[in-house]
Amino acid sequence: MILPKLTLVLGGAASGKSAYAEALVLMADLTPVYVATAQVYDDEMATKVSRHRDRRGTIWTTIEEPLDVAAVLHRSTTKQVVLIDCATLWLTNVLLGKRDIARESAAMVAALGVCPSPVVIVSNEVGQGIVPDNALSRSFRNAQGTLNQSIAAHADLVVAVMAGLPLALKGDLP
């Protein structure tokens, strides 16, 4: 199967978005590359990362890159399909690293546009809950919404996943 050039998979926490994105990537007849943006700071995250690794198995090439996702995209080839999991953790890393969110986001979106391989990017939809009670959380929510909108504008396929079920928001499900 031929994947679109850029696919965005959105969903809430534990919605099944990562599993759906992984299955989508494996439909392509290309070498799957998993770009892991998570940084492990506690046992809970270590367990989550371990679960994701076990689910993927050994056919994936995993690149752990918490910040410079654009560089990974520039190094990819036409023989690969890249899964970035996830934009939300990447943005968290950018924010906590006190980097320029607008500049870093623009660089990643630009890299998505010139990447030679198809890309599937997972991101959380964080704007459907309550308004956060502190400035940092509100800033993050707004930055995540802006990043998701920017990626979605460039994507050929945008899929919302709820309860493990995909719903095409843009384009057609394979």
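User: Where is Ala14 found?

Analyst: In this predicted model, Ala14 is found in the loop between β1 and α1 (17-26). Its phi is positive, about 55°, although Ala14 is not a glycine.

User: Why is Ala14 called exposed?

Analyst: Its relative accessible area is 83%. Exposed means over 50%. Ala14 therefore counts as exposed.

User: What makes Lys98 count as exposed?

Analyst: The cut-off is again over 50%. Lys98 has 75% relative accessibility, so it counts as exposed. Lys98 lies in the loop between α4 and α5 (101-114). Its phi is positive too, near 55°, in a residue other than glycine.

User: What kind of peptide bond joins Asp85 and Cys86?

Analyst: The bond is cis, with omega about 5°. Cys86 belongs to the loop between β4 (80-85) and α4.

User: How is the packing of two helices described?

Analyst: By the angle between their axes and the distance between the axes. For helix α4 (residues 87-96) and helix α6 (residues 135-154), the angle is about 130° and the axes are 11 Å apart.

User: Which residues of α4 and α6 make the contact?

Analyst: α4 contributes Ala87, Thr88, Trp90, Leu91, Thr92 and Leu95. From α6 come Leu136, Phe140, Ala143, Gln144 and Leu147. By class, eight residues of this contact are nonpolar, three are polar and none is charged.

User: Why is strand β6 (residues 157-162) described as largely enclosed by the rest of the structure?

Analyst: Count its buried residues. Buried means under 20% relative accessible area. Five of the six residues of β6 are buried, so the strand is largely enclosed.

User: How do you know that β6 pairs with β1 (residues 6-11)?

Analyst: Pairing takes at least two bridges. Five bridges join β1 to β6, so the two strands pair. They run parallel.

User: What about β6 and strand β7 (residues 165-170): how do they run, and how many bridges join them?

Analyst: They run antiparallel, joined by five bridges. Met162 has Leu165 as its bridge partner in β7.

User: How many residues lie between β6 and β7 in their hairpin?

Analyst: Two. Ala163 sits in the turn, with a positive phi of about 50°.

Technical notes: Residues numbered from 1 in each chain as written. Predicted model: local features only at pLDDT ≥ 70, side-chain atom pairs only at ≥ 80, totals over all residues. Heavy atoms only, no water. Axes fitted to C-alpha atoms, helices over the stretch in contact; angles between N-to-C directions. Helix = DSSP H or I, 4+ residues; strand = E, 2+ residues; numbered from the N terminus. Contact = heavy atoms within 4.5 Å. Nonpolar A, V, L, I, M, F, W, Y, C, P; charged D, E, K, R; others polar. Buried < 20%, exposed > 50% of the residue type's maximum accessible area, 1.4 Å probe, protein only.
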